Amino acid sequence: METKESAKVAIIVLAQHEPLLQPCLSSIILSTGGDYELIVVNDGDHPGIRAWLLQDSKTKLISSPERIGVAAGFNRGAASADADLLVFVRDHVVVTEGWLDRLRDCMNAHEDAALVGPLSNGVSGPQRLELPGNDRRAAIGLADLRAGQSKKVPKLLSHLLVVRKEAFDRLGGFDERFGLETYEDDDLSYRALSEGYGLYIAEDCYVHYSAPPALFPEDPDWYGTQLANNRSVFMDKWGIDAAEALYGWKKRVSVSLCMIVKNEENTLDRCLSGVSRLVDEIVIVDTGSTDRTKEIAGKYTERVYDFEWADDFAAARNYAFSLASKEFICWLDADDILLPEDGERFAQLVGALPWDADAVSMVYNLSFDEQGNVSTSLRRNRLVKRSNNFRWIGAVHEYLEVFGKVVDADIAVTHDRKHANSSRNLNIYEKRESMGERFTSRNLYYYANELADHGLWERAIEKYEMFLGRGDGWIEDILAACTRLSECWYRLNRTDEAKRQALRAFSYALPRAEHCCRLGFYFMAEHHYEAAAYWYDQATKLVRPESSMGMLQLDCWTWLPHLQLCVCYDRMGKRELAIRHNELAASYAPDHPSVLANAAYFAGLQVLA
């Protein structure tokens with residue numbers, strides 16, 4: 001890739017309106033630093049333009065006796081240029097200070113970028129930004145506020161467009177079938193997308209756009225007719241409408257699978273055998289295995305690396321990500337599986353990923369009941385765009401910090417742990433605490449979870465209260481902390497306090513089925529069936545969050561409250577209601593032993609009656 005200092009630049013101006021050309025060229029000369037070749041295509045050979053530019057020996061003049069329009073005019077300019085970057089400019093554009101540097105910086109910031117454009121007033125689509133008047137101070141202020149910012153888009157306009165010469169040649173330039181103007185930029189954008197190039201707006205670059213005079217003032221319907229005709233040309237060429245083709249663009253992406261492992265000989269082969277055919281590259285980072293883990297990894301990839309473990313999962317994952325070379329990175333743990341149906345969904349997704357996707361979240365099924373039904377799940381960002389340089393954060397219970405557009409996929413990763421819980425994470429937290437580390441709120445929450453998982457109820461309560469007292473936690477962690485606090489108090493035989501903690505969750509967000517079921521459980525244990533039925537009934541009326549990144553106890557949102565309502569109503573002598581709710585539980589879990597036992601129980605009662 002050419003550097004900003006070494007890349008040769010040609011600025012190609014399409015001159016069609018004599019009164020507009022001088023302000024355009026003046027702005028380029030006054031606002032552009034460094035060396036560049038300036039080419040003016042005199043479209044229609046306007047005498048005034050020719051006479052004026054013949055006095056300027058530094059500007060290359062290309063004249064066309066007949067009007068040839070945007071596509072052909074820009075192509076002729078490009079053919080005469082000796083440059084690495086081609087800058088196409090219409091004569092009704094006035095540039096602002098530093099415009100070219102910002103556009104080049106944007107181009108250099110993205111390895112897939114082939115086309116880059118500015119923000120402008122008076123244009124359509126994502127490049128439109130209105131600033132007051134032609135105030136240069138506003139443009140300078142915009143540049144300062146948005147320095148280095150950019151946005152990937154599916155289309156760029158041809159009023160000012162920077163294109164890598166190599167890409168322009170590969171794409172075959174502008175298609176001259178589109179005549180004098182319109183749709184030549186849609187077509188070039190579509191071909192660039194099809195070749196895997198990226199299109200970006202430099203959001204710190206603003207140029208002034210003035211609506212040009214009509215090319216044919218004697219024919220007021222000409223432009224509308226041209227639009228309609230060229231829309232048909234695009235449709236005939238590609239078999240799809242331009243707007244649908246560009247803004248509905250999907251593409252096949254290449255994928256690197258990145259994993260960190262240690263002593264995973266019991267699970268790694270199972271994991272990789274299911275996913276290896278779905279990805280383009282596998283990167284395995286081993287953090288100190290003493291079993292056959294590296295040997296098994298070697299069956300699937302040559303890219304197996306060692307990483308010295310330093311009690312920091314994020315550091316290990318970031319190292320693995322740094323070794324990836326494909327467009328997107330997928331991560332899994334060794335005890336994760338893509339079941340065949342989810343593997344097919346994964347293949348379909350990466351074969352047609354929306355153009356603007358920065359990440360893809362997938363369902364993570366963590367635990368299952370005895371019948372194999374998912375009982376606990378959440379969403380995790382599983383597939384991320386490598387060029388965004390997303391980073392893992394947190395030594396323990398690390399998370400991937402993601403921004404931009406996240407696609408929520410219907411793909412599930414199945415977690416199937418084959419080894420027992422260890423004290424590794426708890427030991428890391430305790431070691432860091434002994435060294436005086438002040439935990440982030442997130443780490444405090446997960447430290448409390450580790451304590452609770454190890455039955456250290458009083459210490460867990462202390463950490464959960466510290467976490468909630470800070471008031472800056474993620475809402476899903478806050479709600480989960482209320483649940484775990486309630487459990488801790490119940491384990492300490494403090495049921496009244498356990499109830500209060502479950503109710504506490506309602507002060508943070510709308511009721512969740514997990515908290516309603518927990519309250520129902522406490523009242524049921526005390527044989528307060530009417531109160532228990534109230535809370536279980538509330539759980540059945542709630543709408544499950546579909547895209548929540550928090551952990552969901554799916555049984556609380558499906559069969560469990562109905563099963564418990566069956567018991568409550570039976571104890572209350574309301575048999576018809578009891579039977580009805582057992583049937584509703586069966587609609588979710590028909591083979592659950594309790595559902596079957598209840599059905600047999602009610603059938604026996606009817607025989608006796």
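This is a predicted model: local features need pLDDT of at least 70, side-chain atom pairs count only at pLDDT 80 or more; totals for chains, interfaces and linings use all residues.
Biologist: Start with H13. What span should helix H13 have, and how far apart are its end C-alpha atoms?

Modeller: H13 runs over residues 340-351, so 12 residues. At 1.5 Å a residue it should span 16 Å. The end C-alpha atoms are 17 Å apart, which agrees.

Biologist: Which residues of H13 are buried?

Modeller: Asp342, Gly343, Phe346, Leu349 and Val350. They cover an arc of only 120° around the axis, so they sit on the same side of H13.

Biologist: New topic. How many salt bridges are there in the whole structure?

Modeller: The search finds 44.

Biologist: Take Arg382. What is its salt-bridge partner?

Modeller: Asp336, with N to O at 3.7 Å. The pair links distant parts of the chain, 46 residues apart. Arg382 is in strand S18 (residues 374-385) and Asp336 in strand S15 (residues 336-337).

Biologist: Are Arg382 and Asp336 buried or exposed?

Modeller: Both Arg382 and Asp336 are buried.

Biologist: Which residues do salt bridges with shared partners join into one network?

Modeller: Asp175, Arg177, Asp187, Arg191 and Lys237. Within that group, Arg177 and Asp175 meet at 2.9 Å, N to O.

Biologist: Is Arg177 buried or exposed? And Asp175, buried or exposed?

Modeller: Arg177 has 55% relative accessibility, so it counts as exposed. Asp175 has 11%, so it counts as buried.

Biologist: What about Arg292, which residue does it form a salt bridge with?

Modeller: Glu295, the closest N and O atoms being 3.5 Å apart. Arg292 is partly exposed at 42% relative accessibility. Glu295 is exposed, at 52%.

Biologist: Last one, Glu281. Where is it?

Modeller: Glu281 is in strand S12 (residues 281-286). Its relative accessible area is 10%, so it is buried; the cut-off is under 20%.

Biologist: Which side chains does a polar contact join to that of Glu281?

Modeller: Ser256, at 2.4 Å. Arg303 as well, at 2.6 Å.

Biologist: What else does Glu281 touch?

Modeller: Leaving out residues up to four places away in sequence, its contacts include Val255, Leu257, Leu323, Ala324, Ser325 and Lys326.

How values were computed:
Residues are numbered from 1 along each chain as its sequence is written. Side-chain values use heavy atoms; hydrogens and water are left out. Helices (H or I, at least four residues) and strands (E, at least two) are DSSP runs, numbered from the N terminus. The expected span of a helix is 1.5 Å times one less than its number of residues. Buried means under 20% relative accessible area, exposed over 50%, partly exposed in between (1.4 Å probe, protein chains only). The arc is that of the directions from the helix axis to the C-beta atoms. A salt bridge is a side-chain nitrogen of Lys or Arg within 4 Å of a carboxyl oxygen of Asp or Glu. A polar contact is a pair of N or O atoms within 3.5 Å; within protein, one must be able to donate a hydrogen and the other to accept it, and residues adjacent in sequence count only if both atoms are side-chain atoms. Contact means heavy atoms within 4.5 Å.
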